[in-house]
Amino acid sequence: MKFTLTTPIYYVNDKPHIGHAYTTIAADALARFHRLRGDDVFFLTGTDENSQKNVQAMEKAGESDLVAYLDRMANTWKSTWAELGISIDDFIRTTEPRHLAGVERFWRAVEASGDLEKRTYTGLYCTGCEGFKVESDLVQGKCPLHPNKELDQVAEENWFFALSKYRDDLLAYVDAHPEFIQPEARRNEIRSYIAQFMTDVSVSREVKKVSVGIPVPGDDSQRIYVWFDALLNYMTAVGYGTDEARFARYWPADLHLVGKDIIKFHCALWPAMIMSAAKHDPMLRNADGSPKLPKMVFAHGFFTLAGQKISKSLGNAVDPRELAPGIGFDAVRYFLLREIAFGEDGDFSKERLMERYGADLANTLGNLVNRVVAMSRKYCDGVPKVDGAAPLPIETSWHAAEDLPELKTEVDAGFEHARPDQALEAIWKSLFQANKFIEETQPFKLVKEQPEATAQVLYAVLEAIRWYAWMVTPVMPETARKIFAQLGLDADAEYAKGWDAGLKWGGLPPGAPLPEPKPLFPRVESTDAV
Ligand code: ME8
């Protein structure tokens with residue numbers, strides 16, 4: 001099956017911080033899960049470059065060459081993701097020719113559908129959001145997301161998109177596809193926005209008012225509103241307007257992962273734009289004539305940093321590459337995806353990160369691997385030579401061979417529903433049981449009286465560890481490889497089996513040698529993180 005997933009394309013008015021890393025890491029974990037399952041994955045991220053915010057940041061930095069600025073910043077984003085091991089398939093910049101070609105085609109389609117009309121717009125504009133604001137959006141006269149920024153009074157002739165014409169179609173789509181807006185609480189919020197507040201929107205700005213933006217086809221006096229152009233990145237990256245075969249293969253998107261700040265754009269404006277263009281452009285229609293709409297938008301919550309909003313002016317916009325010297329990037333990935341329910345807000349602090357590093361990673365996962373590999377080497381000279389399917393000859397509270405397939409079902413469900421936090425929670429619950437099983441069976445004592453039962457106990461946990469290595473792969477790819485190596489297995493050979501075949505009880509060959517264990521998560525006294 002194909003699986004197309006996207007992150008927002010980020011503004012390049014600054015370098016990435018932990019909030020951007022959060023979205024991108026979550027998307028990376030989901031992309032890795034789908035690849036393990038054998039899906040034809042297309043994982044996209046990129047940069048939103050036709051924004052006035054970028055120009056303001058460039059000017060603030062005392063620069064004047066916009067092309068050079070955008071090139072440099074796009075490279076900073078690209079190289080950050082590369083350093084963090086993010087497994088993207090494509091990186092789109094909205095100043096690329098392939099994007100411009102698709103935007104032009106799309107604009108013409110919306111125009112041909114009769115949904116664009118010139119009107120005079122008088123009202124407020126927030127450059128922070130790159131969005132038009134109405135009274136009901138404001139808190140004490142300010143944009144709630146950018147309370148320090150003055151709103152611009154705008155009075156100009158613009159092209160308007162007949163968004164409200166799509167109210168009924170949008171509501172019908174949302175109701176018929178409950179999975180479209182996730183989590184559920186967001187769906188209710190968007191539903192009432194569409195039903196009660198959504199109005200037609202200006203989708204262009206006067207050339208004399210803005211210094212960047214894609215020209216409106218056929219109207220030299222206007223530039224396309226940055227959000228109208230930005231949303232289209234998801235299509236132009238998969239070939240809309242340039243590569244029909246690629247577009248047919250990867251569109252529609254299966255998942256747009258976004259932060260809660262930009263959900264309205266993704267769940268109202270974006271599908272309505274597609275509904276409109278699809279009336280004219282057959283590429284955007286399914287065989288039954290319906291528009292090819294994205295399948296799911298998942299909006300996650302916001303991270304604060306040690307209790308504070310992450311912002312450049314507070315000086316806490318930490319570069320994710322510098323977050324965790326000494327503990328490794330897998331630990332940060334684990335922390336971010338585990339600490340808060342995906343969809344809710346939460347806090348990132350060095351203390352909590354180090355707590356989880358010590359408790360969940362070093363003590364629970366790391367120790368289990370270390371102890372069981374060491375005991376198997378000592379008592380059985382490697383992987384115990386036993387029939388892994390035979391029932392244990394002693395009474396125990398945990399039966400790995402039964403528990404692990406159930407765990408796999410939960411992990412599948414977690415990753416399939418864009419809930420990596422739930423997948424991790426289930427894995428750690430099982431890890432606690434595995435540790436308890438060792439406490440309970442006490443192989444170091446049992447070996448004196450019942451060496452065969454000991455061998456079976458150790459095999460069961462070693463095989464369980466092989467399953468854990470598979471299941472943590474999407475979130476902790478490097479750790480998974482280390483665990484496979486500790487089991488004497490070649491990670492690539494394991495992955496070549498495929499997710500379902502790899503996760504069958506008994507995959508660990510009895511009698512195989514085990515290399516000397518090394519701590520997976522070495523103790524660190526302190527880190528300079530955060
Ligand atoms: O909005 N916690 O770009 P942007 C969690 N260019 N996530 C956070 C975060 C935080 N503190 N801060 C930022 C734009 N994010 C547009 C998008 S898409 C067609 C155009 C993440 O650079 C989160 O995913 O302001 C949020 O939605 C996104 O960064 C906003 O990035």
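Reply: Helices (H or I, at least four residues) and strands (E, at least two) are DSSP runs that are numbered from the N terminus. Residues are numbered from 1 along each chain as its sequence is written. The model is predicted, so local features need pLDDT of at least 70 and side-chain atom pairs count only at pLDDT 80 or more, while totals for chains, interfaces and linings use all residues, and side-chain values use heavy atoms, with hydrogens and water left out.

Me: Is Gln-456 buried or exposed?

Reply: A residue is called buried when its relative accessible area is under 20%, exposed when it is over 50%, and partly exposed in between, using a 1.4 Å probe and protein chains only. Gln-456 has a relative accessible area of 15%, and therefore it is buried. Contact means heavy atoms within 4.5 Å, and, leaving aside residues up to four places away in sequence, Gln-456 touches Val-386, Asp-387, Ala-390, Pro-391, Leu-392 and Pro-393.

Me: At what angle do helix H1 and helix H13 pack?

Reply: Axes are lines fitted to C-alpha atoms, for helices over the stretch in contact, and angles run from 0 to 180 degrees between N-to-C directions. Helix H1 (residues 18–36) and helix H13 (residues 400–416) have axes 10 Å apart and pack at an angle of about 125°. That makes H1 oblique to H13, since angles under 35 degrees count as roughly parallel, over 145 as roughly antiparallel, 65 to 115 as roughly perpendicular and the rest as oblique. On the H1 side the contact is made by Leu-30, Phe-33 and His-34, and on the H13 side by Asp-412, Phe-415 and Glu-416. These contact residues divide into three nonpolar, one polar and two charged, where Ala, Val, Leu, Ile, Met, Phe, Trp, Tyr, Cys and Pro count as nonpolar, Asp, Glu, Lys and Arg as charged, and the others, Gly among them, as polar.

Me: Which residues of H13 are buried, and what do they pack against?

Reply: An α-helix has 3.6 residues a turn, so residues three or four places apart point the same way. In H13 the buried residues are Ala-400, Asp-403, Leu-404, Leu-407, Lys-408, Val-411, Asp-412, Gly-414 and Phe-415. The buried residues of H13 pack against H1, helix H14 (420–441), helix H16 (451–472) and helix H19 (499–502).

Me: How do helix H5 and helix H10 pack?

Reply: Helix H5 (residues 167–176) and helix H10 (residues 263–280) pack at an angle of about 110°, with axes 10 Å apart, which means that H5 is roughly perpendicular to H10. Asp-169, Leu-170 and Tyr-173 of H5 meet Cys-267, Ala-268, Pro-271, Ala-272 and Met-275 of H10, and this contact divides into seven nonpolar, no polar and one charged.

Me: Where is Asp-381 found, and where is Ala-418 found?

Reply: Most residues other than glycine have a negative phi, and most peptide bonds are trans. Asp-381, although not a glycine, has a positive phi of about 65° and is found in the loop between helix H12 (350–380) and H13, where it is exposed, with a relative accessible area of 69%. Ala-418 also has a positive phi, about 55°, and is found in the loop between H13 and H14, but at 2% relative accessibility Ala-418 counts as buried.

Me: Which peptide bond is cis, with omega near -10°?

Reply: The bond from Gln-182 to Pro-183 is cis, with that omega near -10°, and Pro-183 has its place in the loop between strand E7 (181–182) and helix H6 (184–197). A cis peptide bond also joins Trp-251 and Pro-252, with omega about 5°.
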